[in-house]
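Here is a short report on one protein model. Have the sequence and the 3D view open as you read.

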Amino acid sequence: MKPLFIIPARGGSKGIPGKNIRPFCGKPLICHAIDQARAFTTDDRICLSTDSAQIRGVAEDYGLRVPFLRPAELATDTAGSREVMLHALDFYTAIGTDTDRIVLLQPTSPLRSLEDIRRCINLYRDDCDMVVSVKEAATNPYYNAYETDSEGLLHISKGDGMYTRRQDAPKVWEYTGAVYVINPESLRRMPMGSFSRRLMCATDPKRAIDLDTPLDWLMAETISRELNQ
């Protein structure tokens with residue numbers, strides 16, 4: 001196995017200013033992702049992709065060398081994850097690091113477990129585009145998600161709307177944002193939204209908080225203490 005673990009950590013953050021280096025349960029947020037990656041590989045296969053010299057400094061103080069800063073055009077609000085990963089992949093390919101899978105760990109999902117990561121890695125195979133961590137969706141298009149028609153009238157999003165119990169409706173899933181294991185060749189060929197061979201890894205919804213607001217942060221720290229992380 002020749003993974004490249006990518007931890008994307010942009011400097012700008014509107015919802016929680018400076019969140020990637022803000023202390024979360026006693027240490028900077030990015031350090032949790034670094035520790036999780038280190039449980040599976042060596043530092044030479046861990047890429048912290050950031051545009052921020054401050055974030056780079058925190059990571060290097062934590063012992064992880066950060067060999068480049070991400071260019072400004074890949075650090076805007078509209079920059080996509082695919083472009084960030086391709087930039088990192090190209091850098092490591094240029095220095096002779098072969099990669100057979102990318103493991104993307106977003107710092108904003110600190111509650112993911114090592115077992116979540118391990119199961120995603122173990123599910124990966126060469127003929128798939130991606131393995132992604134998911135949770136059962138809170139809103140089900142067969143049961144309680146609706147769309148409006150041209151007259152503004154509500155209609156069930158999918159199916160005939162005749163399910164009277166949620167547990168009878170087909171299960172639907174949503175990405176947690178915590179773990180992605182991606183085929184590098186698929187990433188080079190197409191946008192991630194065009195992937196047709198995706199495998200899911202169902203995870204505990206309690207661990208699926210993505211840190212976007214101060215309330216998310218408060219909830220995640222509370223849950224983390226409950227889980228004794």
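Start with the buried residues of helix 1: Leu29, Ile30, Cys31, His32, Ala33, Ile34, Gln36 and Ala37. Keep in mind that this is a predicted model. Helix 1 covers residues 29-38 and is mostly covered, with 8 of its 10 residues buried.

**How helix 1 meets its partner**

Two packed helices are described by the angle between their axes and the distance between the axes. Helix 1 packs with helix 2, which spans residues 53-61. The angle between them is about 50 degrees, and their axes lie 10 Å apart. Helix 1 is therefore oblique to helix 2. The crossing of helix 1 past helix 2 is right-handed.

**Spaces in the model**

| Space | Volume | Lining by class |
|---|---|---|
| Largest pocket | about 470 Å³ | 9 nonpolar, 9 polar and 7 charged residues |
| Largest cavity | about 30 Å³ | 2 nonpolar, 3 polar and 4 charged residues |

Which residues lie nearest the centre of the largest pocket? They are Pro8, Arg10, Arg70, Ser81 and Gln106, out of 25 lining residues. The largest cavity has its own lining: Arg112, Asp116, Ser133, Thr176, Ala178, Thr203, Asp204, Arg207 and Ala208.

**Two loop residues**

Most residues other than glycine have a negative phi, and most peptide bonds are trans. Cysteine 25 has a positive phi, near 50 degrees, and is a residue other than glycine. Where does cysteine 25 sit? It is in the loop between strand 2 (23-24) and strand 3 (27-28). Is cysteine 25 buried, exposed or partly exposed? Its relative accessible area is 33%, so cysteine 25 is partly exposed. The cut-offs behind that step are under 20% for buried and over 50% for exposed.

Aspartate 212 is also in a loop, the one between strand 10 (198-202) and helix 6 (214-227). With a relative accessible area of 44%, aspartate 212 is partly exposed. Now find tyrosine 124. Aspartate 212 and tyrosine 124 are 88 residues apart in sequence. In space, the two are 28 Å apart, C-alpha to C-alpha.

Methods. Residues are numbered from 1 along each chain as its sequence is written. This is a predicted model: local features need pLDDT of at least 70, side-chain atom pairs count only at pLDDT 80 or more; totals for chains, interfaces and linings use all residues. Side-chain values use heavy atoms; hydrogens and water are left out. Buried means under 20% relative accessible area, exposed over 50%, partly exposed in between (1.4 Å probe, protein chains only). Helices (H or I, at least four residues) and strands (E, at least two) are DSSP runs, numbered from the N terminus. On a 1 Å grid over the protein atoms alone, a cavity is a set of points where a 1.4 Å probe fits but cannot get out, and a pocket is an open set with protein on both sides within 12 Å along at least five of seven lines; lining residues have an atom within 4 Å of a point. Grid points are joined across faces, edges and corners, and a volume is the space filled by probe spheres set on the points. Ala, Val, Leu, Ile, Met, Phe, Trp, Tyr, Cys and Pro count as nonpolar, Asp, Glu, Lys and Arg as charged, and the others, Gly among them, as polar. Axes are lines fitted to C-alpha atoms, for helices over the stretch in contact, and angles run from 0 to 180 degrees between N-to-C directions. Angles under 35 degrees count as roughly parallel, over 145 as roughly antiparallel, 65 to 115 as roughly perpendicular and the rest as oblique. A crossing is left-handed if the near helix is turned anticlockwise from the far one by less than a right angle, and right-handed if clockwise.
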